[in-house]
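Please follow this account of side-chain interactions with the model open alongside.

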Amino acid sequence: MKKNVVNILLLIVVLILIAINIIIYINNHKEDEEEIRVNNTITENNLSENINYEEEEQKAITEKTTTMNERSRMQTYFGIFITYIEEGNYEAAYNLLNENFKQSYFKTLEEFEQYVQKYPENIVVDYQDINREGEIFILTVEIKDLYDSQAETIKQRVVVKENDANDYEISFQVN
């Protein structure tokens with residue numbers, strides 16, 4: 001009889017320990033879910049803020065370029081393209097390229113990325129000449145490294161076709 005009572009007491013203790021473990025697990029799991037929910041909310045807010053920031057930035061650039069002369073606009077457009085490359089935002093730079101140009105020289109983003117690896121790390125653009133030929137502008141540029149004067153200078157001709165203020169396409173001489 002004593003053995004049965006001891007077994008029953010042991011069984012009750014084990015069940016209580018299991019119940020405590022389940023309660024602790026549930027409480028910890030709720031905290032994890034709350035943390036995930038908070039993190040998702042923060043991420044969604046950050047994405048929304050980034051989109052709003054990018055829209056505001058594009059709007060500011062559009063407003064600024066409408067008051068510039070042609071030469072300054074073309075330099076600004078090419079400068080944005082070069083900035084994307086320098087920052088490693090190759091997709092944004094690739095999206096600025098003329099579709100026919102992409103099909104001829106860089107069918108994929110990866111091909112474009114591989115090509116622009118030859119550009120210096122700290123790019124400085126020296127605008128040699130800018131000519132207008134109908135709807136397109138032809139820029140003759142030298143691309144140099146800001147900190148390494150011994151680095152090879154890349155000389156290119158760049159074609160910019162402006163469709164509207166801050167709406168343009170770029171192609172360039174591929175060496």
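In this predicted model, lysine 102 is placed over the face of tyrosine 94, 4.5 Å from the centre of the ring. Tyrosine 94 also belongs to an aromatic cluster, whose other members include Phe78, Phe101, Tyr105, Tyr115, Tyr119 and Phe172.

The number of aromatic pairs is 15. In one of them, the ring centres of phenylalanine 101 and tyrosine 105 are 5.1 Å apart and the planes meet at 40 degrees, so the pair is classed as tilted. Both residues lie in helix H4 (residues 99-105), and because they are four residues apart there, about one helical turn separates them. Phenylalanine 101 is buried, at a relative accessible area of 7%, whereas tyrosine 105 is partly exposed, at 47%. A further pair, tyrosine 115 with tyrosine 119, is edge-to-face, with 6.3 Å from centre to centre and 70 degrees between the planes. Tyrosine 115 and tyrosine 119 are both buried.

Attention now turns to charged side chains. Opposite charges on side chains can pair when the charged atoms come close. The model contains six salt bridges. One of these joins arginine 132 to glutamate 70, with the closest N and O atoms 2.3 Å apart. This pair links distant parts of the chain, since arginine 132 is in strand S1 (residues 123-133) and glutamate 70 is in helix H2 (residues 70-87), 62 residues apart. Glutamate 70 is partly exposed, with a relative accessible area of 33%.

A second salt bridge connects lysine 144 and aspartate 126, at 3.8 Å between the closest N and O atoms. Lysine 144 belongs to strand S2 and aspartate 126 to strand S1, so the bridge ties together parts 18 residues apart in sequence. Lysine 144 is partly exposed, at 30% relative accessible area.

Which residue forms a salt bridge with glutamate 142? The partner is lysine 155, and the closest N and O atoms are 3.5 Å apart. Lysine 155 lies in strand S3 (residues 154-164) and glutamate 142 in strand S2, so parts 13 residues apart in sequence are tied together. Lysine 155 counts as exposed, at 55% relative accessibility, while glutamate 142 is buried, at 13%. Through shared partners, salt bridges join Asp126, Glu142, Lys144 and Lys155 into one network. Beyond its neighbours within four places in sequence, glutamate 142 has contacts that include Val124, Asp126, Thr153 and Lys155.

Finally, the surface carries a nonpolar patch of about 790 Å² accessible area, formed by Val5, Ile8, Leu9, Ile12, Val13, Ile16, Leu17, Ile20 and Ile24 together. Isoleucine 12 is located in helix H1 (residues 2-66) and is partly exposed, at 42% relative accessibility.

Notes
Residues are numbered from 1 along each chain as its sequence is written. This is a predicted model: local features need pLDDT of at least 70, side-chain atom pairs count only at pLDDT 80 or more; totals for chains, interfaces and linings use all residues. Side-chain values use heavy atoms; hydrogens and water are left out. Patches are made of residues with over 30% relative accessible area and no salt bridge: like charges are joined within 9 Å, nonpolar side chains (Val, Leu, Ile, Met, Phe, Trp, Tyr) within 5 Å. Accessible areas come from the Shrake-Rupley method with a 1.4 Å probe; for residues, only the protein chains shown count as cover. A salt bridge is a side-chain nitrogen of Lys or Arg within 4 Å of a carboxyl oxygen of Asp or Glu. Helices (H or I, at least four residues) and strands (E, at least two) are DSSP runs, numbered from the N terminus. Buried means under 20% relative accessible area, exposed over 50%, partly exposed in between (1.4 Å probe, protein chains only). Rings of Phe, Tyr and Trp (its six-membered ring) pair if their centres lie within 6.5 Å; planes under 30 degrees apart count as stacked, over 60 as edge-to-face and the rest as tilted. A charge sits over a ring if NZ of Lys or CZ of Arg is within 6 Å of the ring centre and within 35 degrees of the ring normal. Contact means heavy atoms within 4.5 Å.
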